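Have the viewer open while you read.

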Amino acid sequence: METLPALKSLYSHLHCSKSGQVYDKNEVQTYSLLHKPLVAQYQLGDFLKPSILEGRENTMWRYREFLPIEKDENIVSLGEGMTPLLPLNQLKTKFGFEQLWLKDEALNPTGSFKARGLSMAISKAKEFGIKTCVIPTAGNAGGAMSAYCAKAGMKAVVYMPEQTPALFKKECEFFGAKVIEVKGTIADCAQLMQKEKQTDWFDVSTMKEPFRLEGKKTMGYEIAEQMSWELPDVIIYPTGGGTGLIGIWKAFQELEQLGWIPKGFRPRMVAVQSDACDPVVQAYQKRIDYTPSFKDPRPTIANGLRVPKAFGDEMIMSVLEQSRGRAVSISDKQIQAGIEEIAQIEGLLLSPEGAAVWMACRELKESNWIGENESVVLLNTGSMYKYMENV
Ligand SMILES: Cc1ncc(COP(=O)(O)O)c(C=O)c1O
């Protein structure tokens with residue numbers, strides 16, 4: 001069949017991740033009646049070929065058909081996505097990997113992968129005529145939301161834990177956002193936000209609106225495209241709210257539906273957490289399909305991993321199960337060592353979350369969970385330059 005040249009969204013509807021109930025895509029939606037995430041669905045089939053991507057812009061918007069924005073004029077972009085997939089050749093040789101890659105998300109606008117999700121959520125908010133967006137954040141998502149709101153001419157309100165490095169707060173303020181500091185974790189931020197929320201504020205909390213996931217899934221599309229549509233054996237991802245993990249998996253489901261990757265050859269997905277707050281690891285060890293709320297999380301230098309309870313917890317656990325993956329905890333001490341190791345061997349300064357991913361990878365290789373002939377992709381989700389205060 002002919003390839004379609006049209007750059008039109010194939011977005012068809014939203015459905016509840018638990019019940020499958022369909023929700024009207026033409027109305028502003030948050031989460032389902034069952035209190036579960038809503039997920040965007042597309043009319044996909046093998047009528048499109050990867051060749052449609054040739055010559056397209058080098059951003060996540062190259063996957064235009066598989067993104068939910070109806071009209072181009074609503075796209076709010078700062079050039080996010082198409083980050084490099086770097087070979088880690090020195091580490092590969094030293095630790096005996098067959099193939100070792102790093103998807104370096106630090107190179108996104110505002111220095112983290114949060115740019116992808118917030119570009120999409122703010123574009124959709126613009127499409128719906130929303131004027132003010134609000135977010136509880138561990139830091140990076142707040143900075144990204146503030147930047148995209150500034151670009152879209154919207155107001156931004158950000159709730160951030162007091163303990164977040166000052167630079168994250170300053171960044172939001174530079175973009176004109178109102179920042180409210182909160183004692184405790186991102187969960188306490190969310191609680192206070194709910195109390196103070198005004199009727200015209202649109203809440204873009206992780207997985208409580210459907211479109212940040214659509215931005216994050218582009219990491220999966222890019223990994224597949226950058227590896228010439230041959231997926232790695234293992235993908236290792238630092239998991240807080242889990243949007244990236246769920247999103248990458250969703251991308252692979254969609255790519256299978258498109259016929260761009262073969263069926264049944266998906267990577268094993270690994271969720272990495274800080275041992276200061278590791279609800280996913282505990283649920284994985286107990287073989288339960290949701291995460292009980294983590295009590296009294298300790299501080300950690302990996303701010304993005306201090307999430308006591310993810311709204312999409314069942315979806316995270318389902319990705320780990322479906323992919324035959326696993327969950328791993330890493331200590332701050334290991335993270336510090338990981339930051340220095342990669343910096344000195346590969347010349348890359350990874351965020352604490354990214355360094356946790358590398359240390360988990362080392363452990364999994366040492367225990368032979370990652371085999372001699374396997375290819376591995378690590379996600380560095382943010383820039384270390386924002387965390388200097390932590391180390
Ligand atoms: C650098 C970094 N990595 C990872 C995460 C966790 O991301 P997710 O919520 O997609 O699991 C965050 C969240 O704040 C982050 O800032």
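## Where domains 1 and 3 meet

In this predicted model, 9 residues of domain 1 are in contact with 8 residues of domain 3, where contact means that two C-beta atoms, placed from the backbone, lie within 7 Å. On the domain 1 side, the touching residues split into 5 nonpolar, 2 polar and 2 charged. Taken over C-alpha atoms, the centres of domain 1 and domain 3 sit 23 Å apart.

The protein chain divides into domain 1 (11-74), domain 2 (85-110 + 211-390) and domain 3 (114-203), with bounds that come from an automatic or database domain assignment. Residue numbers start from 1 along each chain as its sequence is written. Since the model is predicted, local features need pLDDT of at least 70 and side-chain atom pairs count only at pLDDT 80 or more, while totals for chains, interfaces and linings use all residues.

## Around the ligand

Which residues are closest to the ligand? They are Gly240, Gly241, Gly304, Thr381 and Gly382, out of 18 residues that surround the ligand; a residue is near a molecule if its C-beta atom, placed from the backbone, lies within 6 Å of it. By class, the shell holds 3 nonpolar, 14 polar and 1 charged.

Domain 2 and domain 3 each give at least three residues to this shell. Helix H3 (140-152) and helix H8 each supply at least two. Helices here are DSSP runs of H or I with at least four residues, strands are runs of E with at least two, and both are numbered from the N terminus.

## The six-stranded sheet

Follow the order E4-E5-E13-E10-E11-E12 and you have an open sheet of 6 strands with mixed pairing; two strands pair if DSSP finds at least two bridges between them. At the edges are E4 (85-87) and E12 (326-330), each pairing on one side only. The twist from one strand to the next averages 25°. E4 runs antiparallel to E5 (residues 99-104), joined by 3 bridges, and Pro87 has Trp101 in E5 as its bridge partner.

Helix H8 (residues 243-258) lies across E10 (234-238), E11 (268-274) and E13 (375-380), at about 150° to E10. Angles like this run from 0 to 180 degrees between N-to-C directions, with axes fitted to C-alpha atoms and, for helices, over the stretch in contact.

## The strands E1, E2 and E3

Strand E1 (residues 11-16) pairs antiparallel with E3 (residues 38-42) over 5 bridges, and Tyr11 stands opposite Tyr42 in E3. E1 is also antiparallel to E2 (residues 22-23), through 2 bridges, with Leu14 opposite Tyr23 in E2. E1 and E2 form a hairpin with 5 residues between them, and Gly20 in the turn has a positive phi of about 80°.

Buried or exposed: what are Pro279, Val280, Val281, Ala283 and Tyr284 in helix H9 (residues 279-286)? They are buried, meaning 20 or more other C-beta atoms within 10 Å of their own, against 12 or fewer for exposed and in between for partly exposed. The buried residues of H9 pack against E11, helix H10 (313-322) and E12.

## Loop residues worth a click

Between helix H7 (218-226) and E10 there is a loop that holds Trp229. Why does Trp229 count as exposed? Because it has 12 C-beta neighbours inside 10 Å. Leaving out residues up to four places away in sequence, Trp229 touches Pro50, Ala224, Trp260 and Ile261. Ser228 is in the loop between H7 and E10 too, and has a positive phi of about 55° although it is not a glycine. With 7 other C-beta atoms within 10 Å, Ser228 is exposed.

Asn368, in the loop between helix H12 (352-366) and E13, has a positive phi near 65° without being a glycine. Asn368 counts as exposed because 8 other C-beta atoms lie within 10 Å.

How values were computed
Nonpolar A, V, L, I, M, F, W, Y, C, P; charged D, E, K, R; others polar.
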